Amino acid sequence: MEPIIIEGTPKTPSVKFDATEGTFEIKGRSIPENSVEFYKPLNEWLDNYMQVPLDKTVVNIRLEYFNTSSSKCILDVFKRLEAIHKSKHDVEINWFYEEDDEDMLEAGEDYDSIIKVPFKMIEIVE
Amino acid sequence: MSFDLENLVSDLDIRGAVLYFKGNVDSEIINRALDLVEGKLLATREAPRIRKKVYNVLVESLQNLYHHADLVPRGYHASRPDRYGLVVMDKLGKGYRVTTCNFVSAVHVRELEEKLTRINRSSPEETKELYKEILNHQEITEKGLGGLGLLDIARKTGHRIDFRFRKYDNQNTAFRLTALVATE
């Protein structure tokens, strides 16, 4: 599978999904008006990856801001990772939040309570 | 004198506001408003925790106008009838206040009022659970998820959302929404 590499913009995150390494990263700001349009190709790519996942997949989410329209699309990403986890493959989700950003920590905890994959909350100390 | 959305914010000092805009809220206007406010918050060395809350509340408030403002009433002066609204962000001693105004079709008023009343009556824990329920179980449309933006504003501010309606004519109502990000 070809990797997905997308440069970040002021409203959309940078994305690096690499199927040969099994490492996925979403980083930056996710506040577009139409989040479905942005995330649709990512979820389609994950649908393919789910067919032949690596033994271990590591996912790093390093978001500074995200809007509520992105929140559902990000949940859809996690639901695909949950399916990989259910199929007896190791999945690790690292949720990064900046020091004192209690809202971003809480958002990670929301996903952790919905998705049956262990989340690791990692505080970024500047 | 004919009605203008500005009539709903006559109690605010819009000239001294951090941000003021009235017109069609398109993607470019949202970009410019967010850049302006972020620049001002950085320039005043606002604490990162507050800066992020303000930015998030402003994103949801502006995108509420973008996705949910109903068409302006026939005869109301606007360059385009869609996505028309007004936004004011002002700094008070106790925090940053984000106020938006737009038109709502009369048929949508009751539903919106019930939604906001329910949010304001909920405890923080109930608001969180409702947010997760909608996030997990509702299908997304091009307008987003029903009411998630308002719930997000309520969670991020921790305050009740102030709102008021003013009848424009039998088909249209003007609507004002105010959220406060406390700095204390």
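Tutor: The expected span of a helix is 1.5 Å times one less than its number of residues. The structure discussed here is a predicted model.

Student: How far apart are the end C-alpha atoms of helix H4 (residues 124-137) of chain B, and what span should its 14 residues have?

Tutor: Helix H4 of chain B has 14 residues, so at 1.5 Å a residue it should span 20 Å. The distance found between its end C-alpha atoms agrees with that expectation, at 20 Å.

Student: Which helices do the buried residues of H4(B) pack against?

Tutor: The buried residues of H4(B) include Leu130(B), Tyr131(B), Ile134(B) and Leu135(B). Lys128(B) and Lys132(B) are also among them. Their packing partners come from both chains: in chain A they are helix H2 (68-86) and helix H3 (102-114), and in chain B they are helix H3 (106-121) and helix H5 (148-157).

Student: How are helix H1 (residues 35-49) of chain A and H2(A) oriented to each other?

Tutor: The two axes come within 9 Å and cross at roughly 5°. Angles under 35 degrees count as roughly parallel. H1(A) and H2(A) are therefore roughly parallel to each other.

Student: How do the residues of the contact of H1(A) with H2(A) divide into nonpolar, polar and charged?

Tutor: On the H1(A) side the contact includes Val36(A), Tyr39(A), Leu46(A) and Asp47(A). On the H2(A) side, Cys73(A), Ile74(A), Val77(A) and Arg80(A) are among the residues involved. The division is 8 nonpolar, 4 polar and 3 charged.

Student: What length does H2(A) reach, and which residue with a positive phi follows it?

Tutor: H2(A) has 19 residues, and the length expected at 1.5 Å a residue is 27 Å. From its first C-alpha to its last, H2(A) reaches 27 Å, close to that expectation. The residue with a phi near 70° that follows H2(A) is Lys88(A).

Student: What is the radius of gyration of chain B, and how many helices and strands does the chain have?

Tutor: Chain B comes to 5 helices and 5 strands, in the sequence pattern β-α-α-β-β-α-α-α-β-β. For its 184 residues the globule rule gives 16 Å, and the chain is close to this, so it is as compact as a globular protein of that length. The radius of gyration of chain B is 16 Å.

Student: What share of the residues in chain B is buried, and what share of its contacts between residues at least 6 apart joins residues at least 24 apart?

Tutor: The C-alpha trace of chain B spans about 45 × 40 × 30 Å along its principal axes. Buried residues make up 54% of the 184 residues. Among contacts between residues at least 6 apart in sequence, the share joining residues at least 24 apart is 69%.

Student: Is Val18(B) buried or exposed?

Tutor: Val18(B) is placed in the segment before strand E1 (19-24) of chain B. Its contacts beyond four places in sequence include Leu36(B), Val37(B) and Met89(B), and its C-alpha is 7.6 Å from that of Val88(B), 70 residues away along the chain. Because the relative accessibility of Val18(B) is 16%, the residue counts as buried.

Student: Is Arg45(B) buried or exposed, and what is its phi?

Tutor: Arg45(B) lies in the loop between helix H1 (27-43) and helix H2 (48-68) of chain B. With 77% relative accessibility, Arg45(B) counts as exposed. Most residues other than glycine have a negative phi. Arg45(B) is not a glycine, yet its phi is positive, at about 55°.

Terms used
Residues are numbered from 1 along each chain as its sequence is written. Chains are lettered from A and ligands numbered from 1 in the order in which they are written. This is a predicted model: local features need pLDDT of at least 70, side-chain atom pairs count only at pLDDT 80 or more; totals for chains, interfaces and linings use all residues. Side-chain values use heavy atoms; hydrogens and water are left out. Helices (H or I, at least four residues) and strands (E, at least two) are DSSP runs, numbered from the N terminus. Buried means under 20% relative accessible area, exposed over 50%, partly exposed in between (1.4 Å probe, protein chains only). Contact means heavy atoms within 4.5 Å. Axes are lines fitted to C-alpha atoms, for helices over the stretch in contact, and angles run from 0 to 180 degrees between N-to-C directions. Angles under 35 degrees count as roughly parallel, over 145 as roughly antiparallel, 65 to 115 as roughly perpendicular and the rest as oblique. Ala, Val, Leu, Ile, Met, Phe, Trp, Tyr, Cys and Pro count as nonpolar, Asp, Glu, Lys and Arg as charged, and the others, Gly among them, as polar. The radius of gyration is taken over C-alpha atoms; the globule rule is 2.2 Å times the number of residues to the power 0.38.
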